[in-house]
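Student: I would like to learn how to read a few backbone and pocket features in a model. Could we go through them one at a time?

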Amino acid sequence: DLAGRVQERDVVILDGGVGTSVVVHLHGATALSWKCDGKEILFLSKKAVLDNSKAIRGGIPLVFPQFGPWTCGPQHGFARNKRWSVESQPQKADGTVTCSLALSDDEDTRKIWNYRFKLVYTLELTKSSLSTRLTVDNTGSEGFTFTTLMHSYFLTPDIATTTVRGLKGLNYVDKVKNGQELQEDRDKVTIPQNYDRVYQKCPSTVSMECSSHTVSVNLSNFTDVVVWNPWSEKARAMSDFGDEEYSTMVCVEAGRVSCPVQIAAGQQLAFQQTLQVQAKL
Ligand code: TA6
């Protein structure tokens with residue numbers, strides 16, 4: 001529960017009624033909570049810092065313009081660490097609540113990455129789904145390249161009974177094994193230890209299945225899916241992550257990270273994930 005952890009001026013709430021809602025923090029346009037029929041779907045660390053001072057540990061941080069370590073600036077780029085503005089307040093229409101946030105280049109971003117851009121992040125909430133779409137607008141006079149990813153942290157009652165499906169046959173880069181490229185041969189991927197894998201050329205849908213529900217991740221213009229769990233040793237090394245919290249989360253992250261995306265001056269590109277919940281009866 002977020003009560004007492006966030007200031008009203010820092011969040012936007014999408015209220016879908018009947019136990020369905022999303023809370024988005026303007027810091028990084030980070031969705032902190034998505035309740036579907038009263039059930040929390042996203043993981044947010046109890047130690048997440050929510051005072052605008054650092055990237056938020058949990059929810060759906062936005063990675064732009066760089067996934068991973070970056071010579072120009074912070075790991076995973078600056079988007080998740082900037083204050084976004086409300087482009088359009090939450091609006092209800094035939095069972096959907098929609099809201100959009102925006103981030104444009106400023107003198108700070110231009111100092112480390114000298115390109116002009118406007119990002120618009122749109123969230124659409126229905127009774128059983130949450131769509132998150134990022135449009136990237138190259139508002140400058142020269143092309144640039146970027147990588148981008150939605151770093152979704154999903155809550156699970158127990159990592160030991162959690163699987164990720166839809167990855168069979170895909171090549172993946174295993175960042176725990178010095179970036180070795182391997183092939184997944186399991187229909188149901190279990191996560192028994194520190195996983196940090198970039199699955200490539202993903203099909204349109206992968207899913208996270210746990211004892212209580214399934215979340216399907218439908219990809220549009222995303223080609224990679226990162227599966228990450230820090231496990232115990234790395235969990236202990238993170239100040240904003242509880243030592244045992246690795247057992248109640250898994251990241252299944254929709255991205256374009258294996259090869260940089262090119263965008264010409266004046267061009268606009270859109271990337272979207274649609275998350276769909278199915279309760280287990
Ligand atoms: O998405 C997986 C990953 O790239 C891991 O390598 C790990 O670094 C994780 O992101 C979290 O990164 P952060 O900078 O948020 O601590």
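Student: Where is Val 18 found?

Tutor: Val 18 lies in the loop between β1 and β2, where strands (E, at least two residues) are DSSP runs numbered from the N terminus. This is a predicted model, in which local features need pLDDT of at least 70, side-chain atom pairs count only at pLDDT 80 or more, and totals for chains, interfaces and linings use all residues. Residues are numbered from 1 along each chain as its sequence is written, and side-chain values use heavy atoms, with hydrogens and water left out.

Student: What is there to read in the backbone?

Tutor: Most residues other than glycine have a negative phi, and most peptide bonds are trans. Val 18, although not a glycine, has a positive phi of about 35°. A cis peptide bond, with omega about 0°, joins Phe 64 and Pro 65, and Pro 65 is placed in the loop between β5 (62-63) and β6 (85-93).

Student: In which pocket does the ligand sit?

Tutor: On a 1 Å grid over the protein atoms alone, a pocket is an open set of points where a 1.4 Å probe fits, with protein on both sides within 12 Å along at least five of seven lines, and lining residues have an atom within 4 Å of a point. A molecule sits in a pocket if more than half of its atoms lie within 2 Å of its grid points. Here the ligand sits in the second largest pocket, whose volume, the space filled by probe spheres set on the points, is about 430 Å³. The second largest pocket is lined by 20 residues, with Arg 57, Gln 75, His 76, His 151 and Trp 228 nearest its centre.

Student: Which residues surround the ligand?

Tutor: A residue is near a molecule if one of its heavy atoms lies within 4 Å of it, and the residues surrounding the ligand include Phe 67, Lys 175, Asp 196, Val 226 and Glu 253. A polar contact is a pair of N or O atoms within 3.5 Å. Oxygen atoms of the ligand lie 2.8 Å from a side-chain N or O atom of Gln 75, 2.7 Å from a polar side-chain atom of Arg 80 and 2.9 Å from one of His 151. Taken alone the ligand exposes 390 Å², by the Shrake-Rupley method with a 1.4 Å probe, and the protein buries 82% of that.

Student: How much space lies in the largest pocket?

Tutor: The largest pocket holds about 510 Å³ of space, and of its 21 lining residues the closest to its centre are Asp 1, Leu 2, Ser 33, Glu 40 and Leu 44. The largest share of this lining, 3 residues, comes from β3.

Methods. Helices (H or I, at least four residues) and strands (E, at least two) are DSSP runs, numbered from the N terminus. A polar contact is a pair of N or O atoms within 3.5 Å; within protein, one must be able to donate a hydrogen and the other to accept it, and residues adjacent in sequence count only if both atoms are side-chain atoms.
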